[in-house]
Structure formats: structure tokens, C-alpha cells
Amino acid sequence: MLDAAIIGVGQTSYEAEKKGYNFAEMVYEATDQALNDAGLTMDDIDNVVSVSNDFFDGRTISCMAVMDASGASHNDGKNVSTVEGDGTFGAFYGLMRILAGVYKTTLVVVHSKGSESNPSLIYNSMFDYIYTKSTGLDHISSSALQARRYMNRYGLGEEDFARVAVKNLGNAQKNSRAHRKGSYTVSDVMGSTMLADPIKELDAAPASDGAAAIVLGHKVVAEKLGKKPVWVKGAAHCCDAYNLGDRDLSDVNALADAAQRAYAMAGIEDPFNEIDVVELYEQFSFQELLYLEAMGFCRRGEAASLLQEGVTALSGALPVNPSGGCLGAHPVLVAGMARLIEAVLQVRGEAGSYQVPGAKNALAHGVNGPCGQSHCVLVVGE
Amino acid sequence: MSNIELLSFQETLEIPYNWSVGYLGSKFLAAIRDEGIFYGHKCPSCESIYIPPRVVCGPCFVQPDEWVRLEDTGTLVAYSIVNYPFIDPNTGERRPVPYTYGYIKLDGGATSKLGHFINEVNPEKLSPGLKVQAVFRDKSERTGSLQHDVIHFKII
Amino acid sequence: MAQRVGVIGFGQTYHKSRREDVNGVELINEAVQAALEDSGLGIDDVDAIIIGNMDHFESVNYVDTWSVDGTGGFMKPVMKLTTGGTTGSTIGIGGYFTAASGLFDVVAVVGWEKNSESDTTGAIITCSDPVFDRFSFAGALPGLAVEASVYMKKYGVTEKDAARVAVRDRRHAMNNPYAQLRKEITEEEVLESPMLSYPVKLLDICPRTDGAACVIFAGERKAKKLSPNPAWVWASSIRHSYSYFEDIEYDTMPTLEAACRELFSNVGIKEPLKELDVVELYQPYTFAGLKWIESMGICKPGEAPQLVWDGVTDMGGELPFNPSGGVLATNCIGATGLLRIGEAALQLQGRAGDRQVEGAEVALATGFGGAFWTDMMLLGKNPW
């Protein structure tokens, strides 16, 4: 248990194209919401962490666009820093700045717009320029390699993955912020356009636009506020090897490591029974199964059965991605923060029509780098 | 090691972007395109007049809510004459040098300055404090781009 | 849980304008190996890694995951921070918070840049707003020259006054075996160098460098066991207040002043000229070495040229600036701010060799970049 809590959250709606809003405007909207949610004003914010990616924004020093909108210029200026990576990593850094005893509140903001550029080109730039980049590998084709390896190893079929899409896109119908939602069947998913075998269009998260913000508060602040604070009970991140060929892509060792450390911090020994809801980062449908296993919720190769039995449905014993997950909305970088925010809403009892009844402990997860190379896990609860 | 021939890889990255200007910025640029007018955006709390418009006043964290018409004349606050050739990332071509760019505080109360070209490259003729005036492109040719619709500022 | 933090190791590459013999990951590894050797640690002793650079200089996306072979980040927590020119100091401050949080004890911070691999100017131009600023903005150099135009007019400061700053730093660099530019220059040579963007000439501005640096921070629990004399982090202050170049005030240096106010008041410094022993200033061009020391409260506005001519900021003077040669001698952007922290730490540990300031007990390291932003870290020989 750490001495910090999430005391405010804000999200814009996630859409294919937020044409009327530039980055600053999206961040301001999320920030304003988070402050109101916390019952605080910008005067109460001690420091700011922004999260953005220069490639996605088409701007070196991409954080510059959102300094005013995130309160960095407020009054005499605030201490501010910028993480380039998934929103969960930004939340982690904001958390450390509080645990260090220097600041009592941290505002963490994150934004991106998938509509403003070509994600394939941008993801292609994460591959090594000497040996790999010129093959044209991107997020979809590289993840397809991982999917194939996972399928072969455990004897899974594309339908197993399709069921994840059916569940999550179905869940997203209850999430007014989600970008993509609907009542699909396995057949619909199987029949959607093949992008890179075995990944089909409905197996892949859309490229969305959006922004999100959270306010983290030290115990002394969190305890004084009106709303129920959601405590960070465990937090850890870990990074695997870089070259795809250095890894067995169906082993997600970095996630297993991060999850174990987060559980240990939170005093959790039996995640399946002690965690009430999971919001994980499934950019591609198969990853939900792969990551659930790596996080120790079931044995390797068995998550597909768990799903088929309805265990991970909203009404099941361990709901996974009741918000619709990344398949429902995926503004890159923001998507991990959204997982954290959804986990917070669950613990607070504010998840509306997709509330998991009696949720006390929730797990949020974000991913960075190709084929799930680097993972951040946060366990939050009452 | 010394008899290994060192290799290198060359690539020119071309990544297309289509940035949203947003409602506020679109209104500002449309006014230049359609009326030849600069509008500032005023914060009700500190009364700073921002150009270009902002979703929020940084220091106050309050949303500007008033559009203030500014003049097309102003004072040159700071400038430099760029003398070295470089590739413009927007076009992939060399930007012609020398050229002078500077920050102009428009008359009518602007607090922030507008960045644009000045049509003088002789350092002896330039100095902070000079009065300058915007030179607009012909209305029929304006497109809603700050660079295109305002050709430069001239010294008056 | 929370703990005080000290610097226990520092490594850097021998900085050059082009390192064609290594790729980016190998360059990073050189600095990390140097820091591990300097601190007597092995990679297994490192609990977390922070890395930073400016993306568009090497055009690699997700550098944190890309660089694992170089940083030793395999199966460790790795995070990237980036804020433009201030990156080096931002990551140093990030390393401090990572250890101070108590979640990690030993943190390796890596800053690096291979400026030779890309079009530096083109990349920097993209830091400006694409709709309103990018067409006129010409990069860091004219962005600074603009400030100089105002300073010269306001106080009658001359190009020759600025040249004296370059002469000082290039002389200091002669004591630093790692610096890129190691050749003394005269004021006349500065004044005669090509005019790049009025009034900034070639010898007024920093070079482009391929280089890397690694600073190892340790929380107090382990710092005292791992190092005989850590350089202790006292406080940090960051001000990245400005989203638009249009809002920058050139009369003063607002972010530097605000950061100093906060930093100095947090530690009780009232007379920086007397109470600081050495400053590693992120000084990307000569005029900054005059205007910004006024903003720091070292002297009154307009008086910096005289202070510098009097030798106050030279080695042997009352408050030496940039014993390492500073940014005018070496500028591998993602590392530059971190080098300031590493150099400050060496001074406090008494390990700065030929560039040692005798008896240094309080050292200030600063960062600069973006839209005239400022980072600062204050370190001391003893824990705060």
C-alpha cells in the first residue's frame, strides 16, 4: 500500500476524428474535468506530468503544445515534466513525484490523435533502422507474428480471439465515450477485412483521437477530500528485450514481472480471487488472452477457455475490460490512462451501466513498445 | 577492427500530417482570409490579449472569452536575420536566405506577439521598437494560412 | 519510504561532431559502461533506468524500448522523458524522483544524441506550432538571436561582450578531455566568424555533437554503502511555461527567474554569487552567459558584461561558470543537461581533475530548451 491515491479523473470522448479540437483544447477539456471531479482548482495542483509522443503529434517537443492547457504556466509556473510512453507510465512518474515527499498533488495529462497522421508509418519508426525498419513492419504486422506464435503454441484458433472482440465491442456499447462499439458475432469478426494474418479489422483497436487526465494526491490531501479516494496499492513496470527475434513472443516476461511486483506491493497472493475487475491494454484481441495469462489470472493457454465460459464477461467472476478496452477506443498513449481511469471508476462505484458490483480492487495495465515489450501494472483499491 | 569498412544507411522520412486547427484557430484564420483583420483573444481575468487564440490563459487558467479587433500595424519587439541555408521541414525544400523573422506586438492592445517575416534584411535598418505594418495578399488569393495570406510586415 | 538522493557515478563518451563508428545503441552503451565503471557497480545493481533524447534527431520512435541493449534495461523498469533541449536536466530530475520515491534505490539516467544522423535544424523547427509558427521559425539559433537583439538594445551590450563568454568557455574546455571543441579562441576570432543569424555568429553558438552521458543516482539507503562521497541532490525546479513562441518575454528571462526564485527560497539562498561555488549553466549561446546570469540574481540587470570581463566567472574567479567548457564546447542535446548535473557532481566529489573548482560545496546545474524553458538542480557536498 502506498501513500497516494487517485483523486480526480477526466476523459474526452474518443472518436475517429476530433476535428474541432487541437491538442491543447483536448487536454484542457480533460484537465478541467479531472479538477472538477476532484473538487480542486489549478491552485491546488503542485506539479504536472504531461504525456505525448513526438511522432504521433508531428512535433518535436510535443509537450509544448499543452503546457498552458495543463497548468504548467499557471501563476508563477509549475514544476512540470513529460513522459513519452503510455499514459500508465506517466501516471507512475506522477506517483513517484508524490511519494518522494516533494509534492502533494500531481496532475497527469495525456493526449494523441490517431486521425492526424499515418499510424503505420509512425509505428514503423519504432523498429530498428539498420535491420528491420525497411521491411515495413508496423504495429499490426508485428503483432500478427505474436498472434501466430501464441496460437501455434497453445493450439488456439482465430475464433478464440474473435470472442474477445465480440465481448469488448459489446461492452463498449455501454461506454458513452467509446469510439467503436456494437453487437457483433464471432462470424462478423471472422468476416472482417484481413489486415495481417491472423489479425482482422475487428480484431484490431481503431486509431482514435482523445485526451485524459488524472489528479494524484498524497494521503494527507486525499483523506480530506469529499470523494472516496482510490488508493494505489501496487505499481510496477518492466521492459523486455527489443529485437523481436530475441524473444519468444508468446512469453510476456516483462508483464509477468511487473504484475508480480505490483501484487507483492499490494499484498495480493491470489489475483484471480482478490482482484475484482481488470482493465488491460489489448490493442489486438489475442493480447487480452495472452496478457491475462502473463498476469497470473490463469494458466498459460487457458484464458481462451475462461472467456468461452463467460468468466471474463461483465457478469462473470472476473470481468475484463467492461469499458470496452482498447478495442473500444484507442488513442495511443491515452489508452493506458483510460484503463487506469476505468479501474478507478469501478472502485468508486461510478461505472454506471458497466459497473462491476462491489468492486474493491482493480487492476489497470498499459503497454509500450513493439509486441508488448514494456508493461506497466497498477493495482488500485479502496 | 580498423580494416572494417563502416557503413551507413540513408533515408528521408516523409510522414504526412493533417493537423486540426480547432474552432478558435479556424475563426482567427478565417478573419484574416475573409476580412483582412487580426483578432486577439482576451482573458477576462488578467485581460491579456492573446494571438493566436487560446483555449485557456496559461497563467490564470481561465478561458479567454472575448475577441478583440487588433490593428494591422504594430511594434517590432524582437527579430533576427537568418543567414544560413536549411531545409524547411514543411516543404522539403531550402528556405531562401537571408530572411528576417520577428515578433510584432500589434496595436490595439495585443499582449502576445505575432511571429512573421519582415521585409528588410539589412541589420543597420532594423531595431527593436520599429513600427511595422502587415502587407496582406490580395483577398481573392487568400487561403486561410497565416503564412500565405499575410505576405510580410513592412517597416513604416 | 521517501529518501534523500545522491549522485554516485558519472560516465560520458568522448564527444565528437560525428561518431560514425557506432550506432545509437552502441553510443549509449559506452556511456553506461563508463558510469558503471566509475561507480564500481554492475548492471545488476541498477534498479531502474530513465532515458531521454529528442526523437526527431534520430527518427527512432519509442527510444526507451529500442535502446535496451545499450542501457542494460533488459527486464528492468525503463522510462523515457523528453522535453526538448531541457531533456538532459529533465531526466536527471526524473532520476532523482525515481530514487527519492523509495520505490527504487539505484537509478541510471541516460541522455544521448546523435545529431550527425539527422537534419538538426529541420528537426528543431518542428518544435514550433505547425499552424502559426512553423513557417517563420528557423530553429534554435535564430530563436536565441531574437533574444539577443532585445538585450543589446536595452543595455548597450555589444557583440564583443558576448564574445568574451565564448573565450572563457573554450579556455575552460581545454581542461576537459571529454569536450568536443578543445581549441582556445580570441574575441576577434568570434567577431570575425560567419554571421549565422544576426547578431549570433558561428563562434557564439554551440556545436552539434554525437555523445552520451550516464549519471547514476542512489537513494540514501544505499548511496552511503555504494559510494564514499555521493554528491547530494538538494532541490530542483522546472518551469516550462509557454506554449507559443509569441508569448515569450525577451526583456527578462521569466522561466529562469521563476525557477531561481523557487529553488533559492527552498534552500535559503539569498546571495547566489556568494553562496554558490560553481555553476554549470546550460548556455547555448554567448549572450545567455550575460543576460541569464542577471536573471539568476548573480548581478544586477545590465551589469553582467562587466562581471564577466572582470573574470568573476573564470576558473579562479569568485564564481566559476562552466569549468567543463559548457554547451559551447559540447552539445549532444539529449545529454547536454545531464552533463551539467554530472559535472556538478564531480566538482562536489573533488573528482573533477584539471577542471576542479577548489573547495566546491554547492553546485548549480541548469537546463534550457523549448520555448525559453528552464530546469535547475542544486547539489551539495553534504546531504540537505
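User: Helices (H or I, at least four residues) and strands (E, at least two) are DSSP runs numbered from the N terminus. Where is the place of Ile140(A)?

Analyst: Ile140(A) sits in helix α5 of chain A, which covers residues 139-154. Please note that this is a predicted model, in which local features need pLDDT of at least 70 and side-chain atom pairs count only at pLDDT 80 or more, while totals for chains, interfaces and linings use all residues. Residues are numbered from 1 along each chain as written, chains are lettered from A in the order written, and side-chain values use heavy atoms, without hydrogens or water.

User: Is Ile140(A) buried or exposed?

Analyst: Ile140(A) counts as buried because its relative accessibility is 16%. Buried means under 20% relative accessible area, exposed means over 50%, and partly exposed lies in between (1.4 Å probe, protein chains only).

User: And what does Ile140(A) touch?

Analyst: Leaving aside residues up to four places away in sequence, Ile140(A) touches Leu195(A), Ala196(A), Ile199(A) and Phe284(A). A contact requires heavy atoms within 4.5 Å.

User: How far is Ile140(A) from Leu216(A)?

Analyst: From C-alpha to C-alpha, Ile140(A) and Leu216(A) are 34 Å apart in space. In sequence, 76 residues separate Ile140(A) and Leu216(A).

User: Changing topic: which peptide bonds are cis?

Analyst: One of them is the bond from Asp197(A) to Pro198(A), with omega near 5 degrees. Pro198(A) belongs to the loop of chain A between β5 (194-196) and β6 (199-200). Another joins Val97(B) and Pro98(B), where omega is about 0 degrees. Pro98(B) lies in the loop of chain B between β4 (73-82) and β5 (99-106).

User: What about phi of Cys371(A) and of Ser59(C)?

Analyst: Both residues have a positive phi without being glycine. For Cys371(A), phi is near 50 degrees, and the residue lies in the loop between β10 (361-368) and β11 (374-381) of chain A. For Ser59(C), phi is near 55 degrees, and the residue lies in the loop between α2 (55-58) and α3 (63-66) of chain C.

User: Are those two buried or partly exposed?

Analyst: Cys371(A) has 3% relative accessibility and therefore counts as buried. Ser59(C) reaches 22%, so it counts as partly exposed.

User: How many residues of chain C are in contact with chain A?

Analyst: There are 63 residues of chain C in contact with 62 residues of chain A. The two chains bury about 5000 Å² between them, and carbon and sulfur atoms give 58% of that area. Buried area is the accessible area (1.4 Å probe) that two parts lose on being put together, summed over both. On the chain C side, Asn61(C), Tyr62(C) and Phe97(C) lose the most area to chain A, together 15% of what that side buries.

User: And what is buried between chain A and chain B?

Analyst: Chain A and chain B bury about 2100 Å², of which 58% is on carbon and sulfur atoms. Within chain A, the residues losing the most area to chain B are Tyr28(A), Asp68(A) and Glu116(A), together 28% of what that side buries. In terms of contacts, 34 residues of chain A meet 22 residues of chain B.

User: Back to chain C: how many helices and strands are there?

Analyst: Chain C contains 16 helices and eleven strands. Its C-alpha trace spans about 55 × 45 × 35 Å along the principal axes.

User: What share of chain C is buried?

Analyst: Of the 384 residues in chain C, 73% are buried. Among contacts with a separation of 6 or more, 78% in chain C link residues 24 or more positions apart.
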